[in-house]
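Reader: I'd like to go through this one label by label. Could you show it to me and tell me what stands behind each term?

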Amino acid sequence: MVASSKLTRVRGFSAADIPQVAEVHRRAFKTIGASTPELQAEYQAYFTQVFLNNPWRSEDIQPLVYQEDDGQISGFLGVLPQRMSLRGQTVRVAIMTNFVVNPDARGLAGAKLLRAFLDGPQDLAIADEASPGVRKMWEGLGGTTSLPYSMHWYYLLRPVQFGVLVLKQKQILPSHLVKAASPLARALDVFSERILKFPFRPSKPALYAEELTVDLLLQCLSEAAPKQSLRPAYDSISLGWLLDRADQMRGNGNMRKALLKTDKGDVAGWYLYYSHPGGLSQIVQVYTKPNRAHDVLDHLFNDAWVNGVTALSGRLDPALMYALSERHAVFFCGPEWALIHSRKPEILNAFDRSDVYFSRLEGEWCTHFR
């Protein structure tokens with residue numbers, strides 16, 4: 001991805017840029033306050049692993065920086081090249097992530113970085129965790145928002161405790177009141193199981209689980225994904241890299257990966273999610289075979305319940321909408337938007353038809369700093 005003469009301040013990212021880009025990132029995301037040697041070392045390892053040593057590393061689809069006349073870097077746009085397949089044809093994908101600009105240079109630097117990215121040689125550009133501001137810029141440059149892949153859902157396992165968790169996160173109540181309310185919330189959740197029309201505690205699973213390894217997931221994806229015309233194209237190295245990255249993000253909880261089978265040994269589906277006891281657990285990927293959606297969700301919900309999870313959240317797979325609705329999940333759209341850009345109508349049409357296998361594993365999720 002080479003900048004044109006009209007974008008002379010935009011260039012490819014290199015290892016020498018890491019200290020400056022890390023400072024821009026730290027200021028934008030307010031990571032942990034002041035910079036420390038430990039944080040700088042963490043940033044060095046992160047930017048090297050994700051943007052310089054990923055298995056799809058490409059010279060023409062690469063991260064970008066915006067450099068001022070004095071040599072200072074004021075903006076960074078992370079890019080993770082990937083591969084997908086559209087009815088057997090290779091699709092070059094560029095995942096945009098960690099789009100950060102210094103506040104005093106945001107308008108000019110941000111617009112030039114994004115334009116350079118969208119003008120790149122990829123067949124498909126995706127930003128699936130975009131803010132409303134980035135969405136506006138993206139659409140202004142000819143991209144679109146995929147509403148089906150911007151849908152998310154919650155499933156409340158312990159609804160009263162979830163309410164207390166929201167009050168804590170939004171700082172609506174002082175911390176001492178939240179602490180005092182927690183025992184009551186736990187008692188009310190236990191009581192609510194007996195009086196509500198539907199139980200929040202999931203049913204006993206009808207499936208049994210085994211550890212989902214890289215090779216098993218690769219085999220399962222190759223057998224399942226052909227239902228969609230546009231789907232990821234992994235090998236053991238690239239898929240293993242993504243799963244390793246997901247495992248490293250321990251701030252979300254402990255990653256649980258389960259392959260689910262029937263009592264006859266047939267694969268019914270699988271899931272990958274972070275077990276975060278007492279908090280909100282995020283789902284990275286869930287897949288069910290036809291007519292097994294309820295059984296797979298029951299196993300997932302029960303596993304989360306046993307591990308003390310308060311609520312689950314994930315991106316909506318359109319194929320699971322009916323089963324999730326019957327389980328009284330809560331659906332919402334945004335505020336993180338799935339944005340797409342392609343010059344190929346057949347790719348855009350696949351997103352419009354929800355004919356794409358695209359979970360968090362294929363998007364920005366595994367490029368998070370923590």
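Author: A strand here is a DSSP run of E with at least two residues, numbered from the N terminus. Asp128 has its place in one of these, strand β5 (residues 124-130). Keep in mind that this is a predicted model.

Reader: How many helices and strands does the protein have?

Author: There are 11 helices and 15 strands. Of the 370 residues, 51% are buried. As for contacts between residues at least 6 apart in sequence, 74% join residues at least 24 apart.

Reader: Back to Asp128, then. Why is Asp128 called buried?

Author: Buried means under 20% relative accessible area. Asp128 has a relative accessible area of 1%, so Asp128 is buried.

Reader: What does the side chain of Asp128 make a polar contact with?

Author: The side chain of Arg315, at 2.4 Å. The cut-off for such a pair of N or O atoms is 3.5 Å, and 2.4 Å falls within it. The Asp128 side chain also reaches the backbone nitrogen of Glu364, at 2.8 Å.

Reader: And which residues does Asp128 touch, not counting those up to four places away in sequence?

Author: Arg315 and Glu364 are on that list, along with Trp337, Ala338, Leu339, Phe358 and Gly363.

Reader: Why is α1 called roughly perpendicular to α2, then?

Author: The axes of helix α1 (residues 18-29) and α2 come within 10 Å and cross at roughly 105°. The range for roughly perpendicular is 65 to 115 degrees, so α1 is roughly perpendicular to α2. From α1, the contact takes in Ile18, Val21, Ala22, His25 and Arg26. From α2, there are Leu39, Tyr43, Gln44, Phe47, Thr48 and Leu52. These divide into 7 nonpolar, 3 polar and 1 charged.

Reader: What is the phi of His328, and where does His328 lie?

Author: The phi of His328 is positive, about 65°, although His328 is not a glycine. You'll find His328 in the loop between α10 (321-326) and β14.

Reader: Why is His328 called partly exposed?

Author: Partly exposed is what sits between the buried limit of 20% and the exposed limit of 50%. With a relative accessible area of 43%, His328 is therefore partly exposed.

Reader: And what makes Ser354 partly exposed?

Author: Its relative accessibility is 25%, so Ser354 counts as partly exposed. Ser354 also has a positive phi, near 55°, in a residue other than glycine. Ser354 lies in the segment after α11 (345-352).

Conventions
Residues are numbered from 1 along each chain as its sequence is written. This is a predicted model: local features need pLDDT of at least 70, side-chain atom pairs count only at pLDDT 80 or more; totals for chains, interfaces and linings use all residues. Side-chain values use heavy atoms; hydrogens and water are left out. Helices (H or I, at least four residues) and strands (E, at least two) are DSSP runs, numbered from the N terminus. Buried means under 20% relative accessible area, exposed over 50%, partly exposed in between (1.4 Å probe, protein chains only). A polar contact is a pair of N or O atoms within 3.5 Å; within protein, one must be able to donate a hydrogen and the other to accept it, and residues adjacent in sequence count only if both atoms are side-chain atoms. Contact means heavy atoms within 4.5 Å. Axes are lines fitted to C-alpha atoms, for helices over the stretch in contact, and angles run from 0 to 180 degrees between N-to-C directions. Angles under 35 degrees count as roughly parallel, over 145 as roughly antiparallel, 65 to 115 as roughly perpendicular and the rest as oblique. Ala, Val, Leu, Ile, Met, Phe, Trp, Tyr, Cys and Pro count as nonpolar, Asp, Glu, Lys and Arg as charged, and the others, Gly among them, as polar.
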